[in-house]
Amino acid sequence: MRLGRGTWTVCCYTVPPKAKSPDGPVGPARPDGLPERARVVLDTLAGLEPELKAAAVLSGTGEVLASTSDDEGFARSAVDFADALAAAGPGELDSSHVATEEAEVFMVSESGFSLVAVTARFVLASLTSFDIRMSLRDLAAEEDDA
């Protein structure tokens with residue numbers, strides 16, 4: 001974008017619209033099951049968060065619905081992390097952000113789901129938390145429409 005004498009870089013991203021039709025040109029446009037929809041949520045989140053290292057979507061009962069990692073140890077660690085946070089204090093946990101020297105770990109609960117995400121260090125925490133929360137709301141909306 002050119003404004004006056006200087007050049008300004010404009011940054012934006014586009015989120016694809018939800019597929020509402022039952023069939024697309026090459027098969028179902030909308031994934032059939034909750035794990036498949038959770039996987040789509042993680043794929044979308046990865047597009048929004050380029051510094052994402054790993055993430056997992058958990059059900060309200062602590063079951064891993066989808067994970068970006070093929071390592072089963074990460075999925076188990078995500079469940080353990082969410083359980084430890086839930087046990088840490090009174091009341092229902094909404095979200096948490098932990099920063100280490102090498103990474104940042106986010107856990108957000110929304111609409112009966114939780115998402116644990118590990119990112120590179122120094123991401124914009126408020127934006128990352130927002131993207132995670134919106135991803136979970138999209139998953140919940142898909143479940144309501146199913």
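This is a predicted model: local features need pLDDT of at least 70, side-chain atom pairs count only at pLDDT 80 or more; totals for chains, interfaces and linings use all residues.
Five bridges join β5 to strand β6, which covers residues 103-110, and the two strands run antiparallel.

Now step back to see where that pair of strands belongs. β5 and β6 are part of an open sheet of five strands, and its order is β4-β3-β7-β6-β5, with antiparallel pairing. The edge strands are β4, at residues 64-67, and β5, at residues 95-99; each of them pairs on one side only. If you look along the sheet, neighbouring strands are turned by 10° against each other on average, with direction ignored. As a reminder, strands of a sheet pair through backbone hydrogen bonds, either parallel or antiparallel.

With the sheet in view, turn to the helices. Helix α1, residues 34-48, lies across β3 (52-58), β4 and β7 (113-120). The angle between α1 and β4 is about 40°. Helix α2, residues 72-87, lies across β3, β4, β5, β6 and β7, and runs at about 65° to β3.

Most residues other than glycine have a negative phi. Ser111, however, has a positive phi of about 55° although it is not a glycine. You will find Ser111 in the loop between β6 and β7. Is Ser111 buried, partly exposed or exposed? Ser111 counts as partly exposed because its relative accessible area is 44%, and that class lies between the limits of 20% and 50%.

The second residue is Phe122, which sits in the loop between β7 and α3. Phe122 also has a positive phi, near 70°, and is likewise a residue other than glycine. Its relative accessibility is 68%, so Phe122 counts as exposed.

Stay in that loop for one last stop. Leu124, too, lies in the loop between β7 and α3, the helix of residues 125-145. Why does Leu124 count as exposed? The reason is its relative accessibility of 61%, since exposed means over 50%.

Notes
Residues are numbered from 1 along each chain as its sequence is written. Side-chain values use heavy atoms; hydrogens and water are left out. Two strands pair if DSSP finds at least two bridges between them. Helices (H or I, at least four residues) and strands (E, at least two) are DSSP runs, numbered from the N terminus. Axes are lines fitted to C-alpha atoms, for helices over the stretch in contact, and angles run from 0 to 180 degrees between N-to-C directions. Contact means heavy atoms within 4.5 Å. Buried means under 20% relative accessible area, exposed over 50%, partly exposed in between (1.4 Å probe, protein chains only).
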